[in-house]
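Here is a friendly tour of a structure that may be new to you. Take a moment to look it over, then read on to see how its parts meet.

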Amino acid sequence: MSGILVVIEQRDSRIARISWEALAAAQKLAAQTSDPVTAVVLGADTAALAAEIAAQPVAKVIRVDHALLADYTPDAFTLALQQLVENESPTQVVLPHTYQVRDYAPALAARLGQVLISDVVQIADGPVFTRQLMQGRLNGEYKATGAGPCFVSVQAGAFRAESTEASAPAPIEVFAPTIDAAQIRTKPGKPFRGSSQTVDLGSAQLIVSVGRGIKEAENLPLVEALATALGGELAASRPICDNGWLPMERQVGSSGQTVAPKLYLAVGISGAIQHLVGMKGAHCIVAINKDPDAPIFEVADYGIVGDLFEVVPALTEAIKAAKQ
Ligand SMILES: Cc1cc2nc3c(=O)[nH]c(=O)nc-3n(C[C@H](O)[C@H](O)[C@H](O)COP(=O)(O)OP(=O)(O)OC[C@H]3O[C@@H](n4cnc5c(N)ncnc54)[C@H](O)[C@@H]3O)c2cc1C
């Protein structure tokens, strides 16, 4: 038994950033064990995607191709990956903690008599995997003790995708799983996030997030103007979405989205733990808050102590002027 498999998720032939983060996590594991990393991509025709992945520092790319993998179904994905894992006998299988993975990975691990350590935020020597418990108030440390393979899914934003480096193209192999249409018990419908109006905060590079400090829905255009000037996405803390001032899909936090942009600008957000767990993976955090003791300043790289109703319009004007 050897090697680390990392599953690269694709949708409409596009690879989401969380998959590159899963690859970074696999590289981190590989640095401890010196095991080779093999990237896996599933679909009906993954040739172009496999070539894209092969440019990353991986030992090998395996295309798991089958007509019945064209659309995601838990049965087909579980079957295909079960056969691949039995064939490859890896020590570890790393997956991005996406909705899809949450759907099939527990069944996959159970079918192989293994455990799934899900939503991992850190990997230490051992390897020891850290998961957050009780809305991020506690960290649990987990170590696989069985014969393996150990299945691990990694949280969005927990590992830096940039840590992967380009290298000479890796070899690409094709694995053809045996799947019978009769084994698939569900019929895929339209993807949940198929509409162009929905936002993918998880992939956004620049986020301006607004909290209860904004006071009234009528004041939101102030922050919207800042997001527009910066060319970023607008996000919010939970009370803003609970009030219906912004749609739920823009909520960041433990019961919202997990984000990892290059810049996260928190405007009038106190920094409650449930909010922090959703955005602490941002590369640079800037906070604007009138309370110098607000917990958000503990995670901020830059802090502005001041009234957002003065700071935000001035910042928007300065950004517009700088762009001219
Ligand atoms: C099970 C559970 C799940 C949760 N999930 C989430 C989640 O996913 N996401 C989330 O965000 N929360 C979540 N929460 C709620 C969370 O605990 C906090 O209540 C929430 O994050 C607070 O939002 P806030 O920072 O916008 O508001 P507040 O905590 O009220 O903070 C407002 C901040 O604005 C500042 N302020 C006020 N006026 C001004 C001004 N004029 N200029 C500058 N600053 C100003 C204040 O100093 C204060 O720090 C959850 C709670 C529970 C129990």
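## Where the domains meet

In this predicted model, 11 residues of domain 1 touch 16 residues of domain 2, where contact means heavy atoms within 4.5 Å. Domain 1 covers 4-183 and domain 2 covers 201-323, with bounds from an automatic or database domain assignment. Their C-alpha centres are 32 Å apart.

## What the interface is like

Together the two domains bury about 1000 Å², with 43% of it on carbon and sulfur atoms; buried area is the accessible area (1.4 Å probe) that two parts lose on being put together, summed over both. On the side of domain 1 that touches domain 2, there are one nonpolar, five polar and five charged residues.

How many salt bridges cross the interface of domain 1 and domain 2? The rule (a side-chain nitrogen of Lys or Arg within 4 Å of a carboxyl oxygen of Asp or Glu) finds zero.

## Space inside

The whole structure holds two cavities of 30 Å³ or more. A cavity is a set of points on a 1 Å grid over the protein atoms alone where a 1.4 Å probe fits but cannot get out, and lining residues have an atom within 4 Å of a point. The largest cavity has about 50 Å³ of space, and its lining includes Val7, Leu42, Phe77 and Tyr104.

## Reading the values

Residues are numbered from 1 along each chain as its sequence is written, and side-chain values use heavy atoms, leaving out hydrogens and water. Local features need pLDDT of at least 70 and side-chain atom pairs count only at pLDDT 80 or more, while totals for chains, interfaces and linings use all residues.

Notes
Nonpolar A, V, L, I, M, F, W, Y, C, P; charged D, E, K, R; others polar. 1 Å grid on protein atoms, 1.4 Å probe; cavity = no way out; pocket = protein on both sides within 12 Å on 5 of 7 lines; lining within 4 Å. Points joined across faces, edges and corners; volume = space filled by probe spheres on them.
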